[in-house]
Amino acid sequence: MVNQAWPNNLGPVICVVGARPNFMKMAPILRAFTGHHPALPTLLVHTGQHYDKDMNDRLFADLRLPRPDINLEVGSGTHAVQTAEVMRRFEPVLDAHRPSCVLVVGDVNSTLACALVCAKKEVPVVHVEAGLRSYDRLMPEEINRVLTDQIADRLYTTERSAHANLAREGIANERMCFVGNVMIDSLLANRELAHPPAVTLRAAGVDPGILNGPQGYGLVTLHRPSNVDHAETLAPLLGVLREVAEKVPLVFALHPRTRANVERFGLGELLGSRRIVLLPPQGYLEILGLLAGARLVLSDSGGLQEETTALGVPCLTIRENTERPITVEQGTNTLVGCDPGAIRRGVDDILSGLGKTGRVPEFWDGRAAERIASDLASWLIARHAQRGR
Ligand code: UD1
């Protein structure tokens, strides 16, 4: 534990979460603050972007995240409405608590919205998972990443390629710090607690016998607007999943956006196979167990690309690009886009033993949050001293 004196007149670190992928990033950061810098006051703000029990409450419990000190309860909306609503509701929080900085994670709408409010009020922004770029501006997350990084005063990165991305955008090297991956901190902290896949299926009322075939099972998640918001893309994707399921049974955890679109486009029949198990969004410990036990993963998630790399499970990413290139270069990830032929080939390779085994990238070692806590405490104290002069 580092006993750095915390100046009395320095406000709390406001930590912001909004949507599901933020929760596993923030949990280890809060634990590192409490464990290593107990004098550093924090305030957890939840924007309420995700609010369902399945998307929210179960993850908070699994990750042992404290109850948020403040919940802005913004809920769903168009991107503009959601972003604007977070901004409107977050501004008074800054006025009331006068933080020393605001720490945001990842690339969701809440991340950018809170960073933007800070920029206009001269509150320093700290961005965890900075510098990732897909170079695909059609992804809402890419806009969130680029703009948040422009605003941020301290940028913590998960892989070294992020530094070159940031430098290209004119961000000074002194603002960046390579710390590793907090998402993997959560994975390693919870690995032993993960629920066995059979228990998860039984709890969902499904016979777990389906997991025990000679090929094991594949885990599927899909939620990117580019894959699920148009029937012309979603229908062929579900068609190829149905084919894949004939070779290896699939467990498909359905995001609410995807479930709604499957119904809206009348595509439910494509999922009506005995070899496809449909589950609602899962808790963290359930997904971790399902991931660790899977023969392969088919997904368009950012987080799963990293988690499968850490676990050594082959992952076929249903996207044309990735902002996490290290998972392809060093890990178990392969980009297959939404081309049915590429998906079929990828699955066949894995089932015939040719899947990537990969290696775990540098600093994906369970200690990224500790590095952040230590650097941030020193950075804030130094900044405070400089300003007081
Ligand atoms: C958001 C993030 C995405 C992240 C994903 C993880 C942005 C731009 N996108 O996408 O990066 O990978 O979270 O899940 O921030 N809904 C519910 N219950 C909820 C939340 C949402 O039913 O608790 C439904 C609503 O109909 C909503 C839709 O899901 O309109 C989409 O939710 P939203 O938060 O807008 O984006 P995600 O697709 O979840």
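1. Which pocket is the space taken by the ligand? The space that the ligand takes is the largest pocket. Here a pocket is an open set of points, on a 1 Å grid over the protein atoms alone, with protein on both sides within 12 Å along at least five of seven lines. A molecule sits in a pocket if more than half of its atoms lie within 2 Å of the pocket's grid points.

2. This is a predicted model, in which local features need pLDDT of at least 70 and side-chain atom pairs count only at pLDDT 80 or more, while totals for chains, interfaces and linings use all residues. Residues are numbered from 1 along each chain as its sequence is written, and side-chain values use heavy atoms, with hydrogens and water left out.

3. The ligand is surrounded by 19 residues, counted when a heavy atom lies within 4 Å of the molecule. His 50, Tyr 51, Asn 109, Glu 141 and His 223 are the closest. By class, this shell has five nonpolar, eight polar and six charged residues. Ala, Val, Leu, Ile, Met, Phe, Trp, Tyr, Cys and Pro count as nonpolar, Asp, Glu, Lys and Arg as charged, and the others, Gly among them, as polar.

4. Helix 1 (20–36), helix 3 (79–97) and helix 11 (256–264) each give at least two residues to the shell. Helices are DSSP runs (H or I, at least four residues), numbered from the N terminus.

5. The largest pocket holds about 1,100 Å³ of space, a volume being the space filled by probe spheres set on the grid points. It is lined by 48 residues, and Pro 21, His 50, Met 55, His 223 and His 255 are the closest to its centre. Lining residues have an atom within 4 Å of a point. Helix 1 gives the largest share of this lining, five residues.

6. The second largest pocket has a volume of about 390 Å³. Among its 16 lining residues, Arg 98, Pro 99, Glu 122, Val 123 and Pro 124 are the closest to its centre. Helix 16 (368–388) supplies the largest share of the lining, four residues.

Conventions
1 Å grid on protein atoms, 1.4 Å probe; cavity = no way out; pocket = protein on both sides within 12 Å on 5 of 7 lines; lining within 4 Å.
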